[in-house]
Amino acid sequence: MTESASGTASGGTLDEIDRKLINALQGDFPLVPEPYRQVAATLGLGEEELLRRLDALLERRVLTRFGPMFQIERAGGAFVLAAMRVPEAEFERVAAQVNAFPEVAHNYRREHALNMWFVLATATPQGIAETTAAIEAATGLPVFAFPKEREYFVEMKLRA
Amino acid sequence: MREANPDIELDATDRRLIVATQGGLPRVSRPYDALAGELNITAGEVLQRLQRMLDRGVIRRIGAVPNHYAIGYTANGMSVWDVDDKHIDRLGIEVGALEFVTHCYRRPRRLPDWPYNLFAMVHSQNREEVAARVAEIAVLLGDACRAHDILYSTAILKKTGLRIAG
């Protein structure tokens, strides 16, 4: 699936409650038996309305997921940023080949000679080298891997 | 800043819980009860295991991931920098602390194709704003930086989040 950077159809139709919901749900979801009821109460909403809106936001892909975000290295896995230089004429074919790998968690087209950037997530550290080799074999193009040497900051929270 | 900690051991039930939730949390009134039923453990144990994984950084947080385009952040610039190795850790921490930087990492150079060793992601409403923020980073890095570039994204080709095999 390719979404244009210049606009998704869904973005323009968020109302104030949707925006409050997105901001409130970006972290610290409570570990209590009825967490949705608790979050809904802080926003002055009913639990059913919150669940209905959350479903709709996921359905429209305003939210790409809702749940725990795993730091896979801490669970014995590995996580690597990788890039390829893909000839424009072959871009669609290569994107489809790369995206077909379940280890590819996200993939972006970027304006640069290295024009395809994706993240590989594997259950074991050696899975990265295996997947990289498999992608090179499938596409016929070299993969540049950029493993994290040090993390200075990660806090992907954006105000809606 | 969190570094990998090899001491953390996850057992088979933790792994089943990861596999059961990596696609998302059930959207029902009692989601942890639903997971407990699926895993054949008690809801209390689900909560305890999730809390322990949060405490140990296996789970960064529990919440929603917005499609940044859909909520108005239409410019996504990956700024990349060739920073003197002697100063990169001090400067990387400073760049990561800027309020508009959402991710900041040190990564290896790939010479001759790729001279950059510092990556800082900047999301904004438009490219002019991204460029202005990148200019602020350039001032902060000063002479320790030899070259930089901004790689704007023009399409999301895939975005599913992490999956590990069950």
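# Two chains, questioned

Modeller: Over residues 80–151 of chain A, the chain is 32% helix and 35% strand, with its end C-alpha atoms 12 Å apart. The model is predicted.

Biologist: Which residues of chain B carry the annotation "domain: Siroheme decarboxylase AsnC-like ligand binding"?

Modeller: The unreviewed UniProt entry gives residues 71–158 of chain B. That span is 27% helix and 41% strand, and its end C-alpha atoms lie 18 Å apart.

Biologist: Where does UniProt place "domain: Siroheme decarboxylase NirL-like HTH" in chain A?

Modeller: At residues 18–63 of chain A, again from an unreviewed entry. Here the chain is 61% helix and 2% strand, and the end C-alpha atoms are 11 Å apart. In chain B, UniProt puts the feature of that name at residues 14–60, also in an unreviewed entry. Those residues of chain B are 64% helix and 4% strand, with 15 Å between the end C-alpha atoms.

Biologist: Now single residues. Why is A:Thr64 called buried?

Modeller: Its relative accessibility is 15%. Buried means under 20%. A:Thr64 therefore counts as buried. The residue sits in strand 2 of chain A, residues 63–70.

Biologist: What is A:Thr64 in contact with, leaving aside neighbours within four places in sequence?

Modeller: A:Leu58, B:Val65, B:Asn67 and B:Lys159. Contact needs heavy atoms within 4.5 Å.

Biologist: How many residues of chain A and chain B are in contact?

Modeller: 82 residues of chain A are in contact with 80 residues of chain B. The two chains bury about 8300 Å² between them, 57% of it on carbon and sulfur atoms. In chain A, the residues that lose the most area to chain B are A:Leu31, A:Arg74 and A:Tyr152, together 12% of what that side buries.

Biologist: What makes A:Asp55 and B:Arg27 a salt bridge?

Modeller: Their side chains meet at 2.4 Å, N to O. The cut-off is 4 Å, between a side-chain nitrogen of Lys or Arg and a carboxyl oxygen of Asp or Glu. So the pair A:Asp55 and B:Arg27 qualifies as a salt bridge. Between chain A and chain B the count is 7 salt bridges. There are also 41 residue pairs in polar contact between these chains, both residues at pLDDT 80 or more.

Biologist: Which element gives the largest share of the side of chain A that touches chain B?

Modeller: Strand 2 of chain A, with 8 residues. By class, that side of chain A has 47 nonpolar, 14 polar and 21 charged residues.

Biologist: How many salt bridges does the structure hold over all chains?

Modeller: 29. One of them, within chain A, joins the side chains of A:Arg93 and A:Glu90 at 2.1 Å, N to O.

Biologist: Why are A:Arg93 and A:Glu90 called partly exposed?

Modeller: A:Arg93 has 36% relative accessibility, and A:Glu90 has 29%.

Biologist: Buried or exposed: what is A:Glu151?

Modeller: Buried, because its relative accessibility is 4%, and the limit is under 20%. The side chain of A:Glu151 forms a salt bridge with that of A:Lys148 at 2.8 Å, N to O. A:Lys148 is partly exposed, at 23%.

Biologist: How do you know that B:Lys86 counts as exposed?

Modeller: Its relative accessibility is 69%. Exposed means over 50%, so B:Lys86 counts as exposed. B:Lys86 forms a salt bridge with B:Asp84, whose closest N and O atoms are 3.6 Å apart. That is within the 4 Å cut-off.

Biologist: Which residues of chain A are linked in a network of salt bridges?

Modeller: A:Asp15, A:Asp18, A:Glu49, A:Arg52 and A:Arg53.

Biologist: What makes A:Asn107 buried?

Modeller: A relative accessible area of 0%. The limit is under 20%, so A:Asn107 is buried. A:Asn107 lies in strand 4 of chain A, residues 104–110. Its side chain makes a polar contact of 2.9 Å with that of A:Asn99. Beyond neighbours within four places in sequence, its contacts include A:Trp117, A:Phe118, B:Ile156 and B:Leu157.

How values were computed. Residues are numbered from 1 along each chain as its sequence is written. Chains are lettered from A and ligands numbered from 1 in the order in which they are written. This is a predicted model: local features need pLDDT of at least 70, side-chain atom pairs count only at pLDDT 80 or more; totals for chains, interfaces and linings use all residues. Side-chain values use heavy atoms; hydrogens and water are left out. Buried means under 20% relative accessible area, exposed over 50%, partly exposed in between (1.4 Å probe, protein chains only). Buried area is the accessible area (1.4 Å probe) that two parts lose on being put together, summed over both. A polar contact is a pair of N or O atoms within 3.5 Å; within protein, one must be able to donate a hydrogen and the other to accept it, and residues adjacent in sequence count only if both atoms are side-chain atoms. Ala, Val, Leu, Ile, Met, Phe, Trp, Tyr, Cys and Pro count as nonpolar, Asp, Glu, Lys and Arg as charged, and the others, Gly among them, as polar. UniProt positions are given in the numbering used here, feature names are shortened, and annotations may be inferred rather than shown by experiment.
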